[in-house]
Every structure is written in C-alpha cells, then in structure tokens.
Amino acid sequence: MNKECHEAVLITYKGRRKRHLSILFIMSVVGIDVGFHNCYIAVARSGGIETIANEYSDRCTPACVSLASRNRTIGNAAKSQMITNAKNTIHGFKKFHGRAFDDPFVQAEKSKIPYSLHKMPNGSTGFKVRYLDEERLFTIEQVTGICWYPLQLTKLKSEKLKAILSLKKCIFSFQVPSFFTDAERRSVIDASQIAGLNCLRLINDTTAVALAYGIYKQDLPTSEEKPRNVVFVDMGHSAYQVSIASFNKGKLKVLATAFDSYLGGRNFDEVLVDYFCEEFKKKYKLNVKENVRAMIRLTQECEKLKKLMSANSSDLPLNIECFMNDIDVSGKMNRTHFEELCAHYLARIEAPLRSVVEQAKLTREDVYAVEIVGGATRIPAVKERIAKFFGKDISTTLNADEAVARGCALQCAILSPAFKVREFSITDAVPYPITLKWKSSSDESVGSCEVFSKNHPAPFSKVITFHKKEPFDLEAYYSNPQDLPYPDTRIGRFGVQSVVPQPDGESSKVKVKVRVNVHGIFSVSSASLIEKQKGEGEEVAMETEPTVQNETKEEQNKMHVDHEDAQQKEQADLPNQTGEEGASPGSESKESGDTAEQPAGSAKPKVKVKSIDLPIHATTIRQLERDMLNSFVENEGKMIIQDRLEKERIDAKNAVEEYVYDLRDKLCSIYEKLVSEDDSSKLSLMLEDTENWLYEDGEDQPKQVYVDKLAELKKYGQPIQERHRELEERPKAFDELGKKIQLFMKAVEAYKRKDERYDHVEAAEMVKVEKCVGETMVWMNSKMNAQSKLSVAQDPVVKVSEILVKTQELDSTCNPVINKPKPKVEPPAEEKDMADGAHNGPVNGQSGGEAASENAQQTKPPTGEMEVD
C-alpha cells in the first residue's frame, strides 16, 4: 500500500491511545478469501489492511485438507500429500457447497477427482475418506470448517497474530462468488459455525474488489454529480465473474452482475492435460488417465507451464522424471498453440461482458475503467479479449490475488464497532429474480409474485399483506432456472401458522416481511396478524400506509406489498392469482372503520388494532438441521483435541530424534574430552540403537514411550552436558569470587592504615569482614587445588552454583560494612544564625541583623534551637 493509499482511508481503533492495545485483543477483524484453489487472509489494523503469511512465510495457502490415521493436515502440508494420500486428500471442494449429490456437475466431477463423493442423508454432497483407521463421511460444511479452523490458529507465522486471531475475540467476513444461491450461502454460514468463527458478513467477490478499489479513491464524484462506473472482472481458478459498480463519494452501488460459473483457470489447465495425455499415449504408450497419481503430477506441471507461457511466447518444455513405469516424459508448448487449443473457452469471455453492460443499461462509453483481478486474468489472451470488448486499456491497480481478502477485511472493519473507518456505504445486488408462491391448506388456487427482481438492491426488506382466515404456506424459488448454476430452483418453504379469522368472521390481515439480508440470503423474517378491536368511546384511528391493492374475487386471497428499507420505500404493481392487475401505485386501501377521511358529523365508531406475532416454520433446501449442526460442532472439537494430542506425540518423537543427533555430534567434538573412551563407546552404541528403534519399532508409539526413552538417554547424556557446562562457567565464577576477595582485602588494609574513608567503621565490624574474607579465600584455594587434580572427564568437586552461593555470602557480609555511609555532622546553632543573617541581607529598610532577628523569632522552634535540614 503506497503513501497515498494510507492517507486515503483511515482505519483506527476507537478509544484513547492508551486503550489501543487492549481493544486490539478484544476484537480483531479478519477477511478470508477461500477460493477453489487457494486461501488468503487479511487483517484490519490501525492504519490499513495487512495480508498475513502462514508458517511458510507465504501469503497464499492451498485450500486443501488431508485426513490420515491419526490427524488432519491443511494447506501446504496437505497439498504435499495429494500424491501419497490421494484418496484421503480433499481439494477443490468449494464448488460442492449447497449442491445435491445428483447434480449433473457433481456427477461430472466424480471422474476428475481422486477422492470419493457420497450422498448424504439430506441429499447433499459429502466425502468418504479414511480417518483414524476407519471409513468416515464428511459433509462439505465439515471439510470447509476443517480448512478454516487451523488456517486461523495453528498455521500462522507469527505468535502475535495467533493471539490477535483468537476465535472468541474475532469477527470474520467471508467471500463467496456472486452467483452463489441461498443453499450455497447457507452452507458457508454453517461451515463458519462448525469452525467456531463469528461470521459478520458474506460478501460477493466482485463487491469486495469494488470496495477495495473505491474506498481508497479521493477523487470520486460528489453525490450531486454523475457517478463513476467501473467494471470489475474476476477470473479465478474455477469461475468467471463480472460486475459494474457506480461510485460516488462515500458510496458504492452494484448495478449489475454476470458470470460464467464453469469458466476459469482450471479449464485451461485441463486443455493442457488432455493434450499431453494424448501425446504421451502416442509417444510413450502410456495411458495417463488410468493412473491417479500420474494425473495429479501432470496437472501440477501443466499449471506451472500455463503460468510460464503468460510471460514467454517461445517454446517451453515440460519434463517429468519417473512419470509412469519409471519412464521419463517430455513435451513442449508455446503460447500460440495454447491459445488455439483454448479457443472455445476464450470465446466465452465476451458473453458475460455484454450481459452486464446490457443489464446496467449503459454503453461502453459510460464505463470509466475496467479493473481485473484473479489468477486467470494474467493469461494474455484473456486480457486482450476484455480490452478489445470495451475498447480501452484494462487496469491492474489492484492486487490480483489479495484484493478480495482485503475487501472482505474492509467490509468487516466498517461493520465492526471497534474500528473507525471512513464512511462508505455499500449496496449490493440480488443475482437472481426471486418469486414467492402461496397457498392455503383448504384453498386449491395458488398465487405468486416476483418479490425481488434481478439486480435488485440488497440488503432489502419488503412487507407483504395477505387477507387470510387460516394458516398458509409461502414457497420461495428462483424465477429463471436457466440463469442458475444448477437445475434446482427451490429456496425454501415458510409456513405462516396460527392465522385465525376476525371475531366477525372476516379474513384477518396478515403482514409478512420478506428479506434478502447482508449475506444475500432470502428469508421470511417475520409475520404478524393485525387484529381489529372496537373501542368504547375511544377516538383511535387505524394507521394507514401506502399500499398496492390487488383486485380479487375472494377476500381471503387479497394481498398488497409494501417495500421497506432504512432509507427509502418502494411500491410495485403485483399481479394477483387470477392475472388481474392491481391498483396504481400510491393508492390506499380503505379498511372498514378506517377514519383517515371521515365525513363531517359522522358518528362511526373508531377502530384500534393490535399486532400479534405469528410463528413461522421454515424449511430450506439442504440446510443442516440444528441437531446435526451441533453434532458437527462437537465432532470438530474432538478432532481438534485429537490433532493436539498427535502434535504432542510427534513433538515427543522429534525430541528423541533431535537429542540423539545432537549428542552424537557433540561426542565427537566438544564432549570428546569430557567422557572416557569406554563410556563414549557405550553411549554411542546406545544412540545408534535408539536411532534404529525410531525408524523400526518406534516409528509409531504413544507419546509416553518417547518421553521415557528421552529420559533414559538423558541419564547418560545429562552428566556429560553438566560437566561441559561446569567446565565452561567454573573459571568465570572463580574469577568473579577472586575479584570480590581482592576488593574487600584492600578495604581491610586501608582500614589498618587509618584511611579516613573508614574511620567511622567500628573495629568489630572490620574484624568480621577480615575473618569472612580469609575463610572464603581458604575455601576457594582448597577447591581450586582439589579440582586441578581431577581430569575433565570426572565429576567436579565444586559446582558453579556453590561458587555463586559463596560469592553471594561474601558480598552480603562485607559489602554493608565497606560501603557504610558516614554520619552527618550538624553545625552549632549560633553559627547557623549568623549564616542565615548574612544570607538574608537588608529587608524593607531594616538592617541585616534586625531582619535576621525577626526571622529567627518567627522560625524558632520550641526547644530554642534551629533545625538544620
């Protein structure tokens, strides 16, 4: 982030400066971009956003989970097991969120992945792997939760960041593709709960990018000026997304979105893989697609080759040693040939661009800039086609990999009460039109209306008013199946219960509030029954509001819609069940007893109303049941404990191995003279036996076995280490003691010479010092003589700790006497008076003596003597 960016957006912790550190640990703000291929984490800090690194000092972490017989691994460690533990290493799992097992995409993916998919009880897609030496089933939410939890706590490079990112003190914002439906978004929310993460908001990829772009701009037009329209293109590993956002000062609004959810970098990788599979089949007679490990290796090498071709147009080699059957393979590819092979994918780039411009009702001239992010946008052919469509140079001012994570962290900081961020409002868009259909239990007729159109502002709430006599069901679904990434259009069913007719038998007025929330998830958030009550002589008018009244034949099927938002209200004409058009916008429904416009002199009784909340029974598509979700949370806790125990076991094993290598190396160097030849031979043999045991019978032992083995080795190695430490530190300790003895001896000799520095010291005290110094000198000489008669391979007669104790005893006995301060001598009172008189001088025309006399009388103590400070 450059200096201009630092000045553009101010992110500070609320409160005084002295509270900054405490607030930092009270609530941390984190944005997470978990992509199809990689993960990025951004943290909001005072002054800006920081993308943090993992234990490999890499800011990019593979989105990969590997399960083994004892523990789980993620990230780089899991990716390294993609070949050796292929069937139990799950990667590329993001596309399975919210998808049914019978989905055509899921069935097509089964042939491309090495691990096994399984149909879960609720019809969703799960994974069958071997974990803790038994077959286990994991849902997509569990796998994502596994990926997220260690990513935050155990895989970070800095211990300080681990403390900051404590789960109970963090709020998180997660990115999701803009084309994710309700089922997919609910699945991501469930995954965050399983991982124990406090998800504040799900934000669309391109919206996060737009926020990261706009909040740093200082030259945006004011609210009165024409907004600035910017196109954001994001092509990642598995999806292609485009959006147009309009910017004004402090405001961002997404106008339109378009996407191709099956076009991304992986498609270009697959083209190269298919090409080299055919080449190797002809050239080496190898059927690569039948070998899982060979396919994984080839895919990884093709991905590297694709990246190299983005920077080089010449022929580039592809070489893999011991590929299959101990055969080395090689091939070559250049950019021109690669683009020819990918022509059918490159042709799909233009369609979403054209669609998003048409939806926003803009021309290409209305577009101020085109910003691109995502790894696949680095392919020259992709950039050329985007630039050609808009007829202008594309902009790469944003970090192609980290922009989404940074935007997530910014959004979370804006919503967090612990941060003060420049005001910047965000209005997202509904990606698909949503229709609501309703039916009473005893009514055969069905009504429906489109409550949210495509690109409708979000979050947004609408209140729908029904006239019903009994409970009824509302069914929400997506209006245009052809726009969805999968064929299932259902969102959920919402049963409005406890609806009863009015006391007079008429239909009750039921208000139902539907909402697309900040996560982009549709819900029926509330329902209330408006009960009319007659007042006795009360002049209470029923509240009226702008409505759109549907003209129908049966009163219980009448409905109207009120659009509510925090800043605006909309009205819409909604068709009724019979296809008749409603009244014009702005008309008002007249309820019986309504006195909004009563004629003069009317004596009609007034009506008051009572709102009663109604229960809603919601059933959403493939969402985890609450009991199952709690069970997954509990299982995640057990797996975390298992991971911790396995880590402790591995650490204990590594400690034994490290001790063996360290001691063996020192026996041949610094410990060589500290141990006899026989003892050295025996200890070397023990170390060799321990090393062989570690790689044979001791390969997989409980933690306590390693602890005991290390303790056994230390019984023999510790004395040698102690002798070495004593040999290194003993001369320094004796030297320090000798210096103390010399210092105090000189003081005794000075006292005997009647040195005025010690004339205030009593003779008994100095005798005590002389005796202590003499005894200490005798002790030191005896110990040094005894030690000089021993070899370095023998245990010392005196330890450094004993010398230090002796030094402390000598210092505590002699130092108070030698450094005893001299007593203060007070001058006589008469001399003090004369000194004060001379100092004060004449005061107010008085002589110095008179002034001094008065001053002395004023300050004279009761004893008649002047105190001297």
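Here are some notes on a few local features of this predicted model.

1. Ground rules. Residue numbers start from 1 along each chain as its sequence is written, and side-chain values use heavy atoms, with hydrogens and water left out. As the model is predicted, local features need pLDDT of at least 70 and side-chain atom pairs count only at pLDDT 80 or more, while totals for chains, interfaces and linings use all residues.

2. The α17/α18 pair. Helix α17 (residues 677-694) packs with helix α18 (residues 703-752) at about 160°, the axes being 11 Å apart. Axes here are lines fitted to C-alpha atoms, for helices over the stretch in contact, and angles run from 0 to 180 degrees between N-to-C directions. Helices (H or I, at least four residues) and strands (E, at least two) are DSSP runs, numbered from the N terminus. The two helices are therefore roughly antiparallel (over 145 degrees).

3. What touches what there. From α17, Leu683, Met686, Leu687, Thr690, Trp693 and Leu694 meet Val705, Tyr706, Lys709, Leu713, Tyr716 and Ile720 of α18 (contact means heavy atoms within 4.5 Å). By class, that makes 10 nonpolar, 1 polar and 1 charged residues; Ala, Val, Leu, Ile, Met, Phe, Trp, Tyr, Cys and Pro count as nonpolar, Asp, Glu, Lys and Arg as charged, and the others, Gly among them, as polar.

4. Threonine 144. Have a look at this one in helix α5 (residues 140-153). Threonine 144 counts as buried because its relative accessibility is 2% (buried is under 20% relative accessible area, exposed over 50%, partly exposed in between, with a 1.4 Å probe and protein chains only). Its side chain makes a polar contact of 3.0 Å with that of histidine 97 (a pair of N or O atoms within 3.5 Å; within protein, one must be able to donate a hydrogen and the other to accept it, and residues adjacent in sequence count only if both atoms are side-chain atoms). Neighbours within four places in sequence aside, threonine 144 contacts Phe93, His97 and Ala191.

5. Histidine 37. This residue sits in the loop between β2 (28-34) and β3 (38-45) and, at 26% relative accessibility, is partly exposed. Its C-alpha lies 9.3 Å from that of arginine 266, 229 residues away along the chain.

6. Backbone spots to check. The peptide bond from alanine 458 to proline 459 is cis, with omega near 0°. Leucine 132, in the loop between β10 (125-131) and β11 (134-139), has a positive phi of about 55° without being a glycine. Aspartate 133, in the loop between β10 and β11, has a positive phi near 65°.

Technical notes
Angles under 35 degrees count as roughly parallel, over 145 as roughly antiparallel, 65 to 115 as roughly perpendicular and the rest as oblique.
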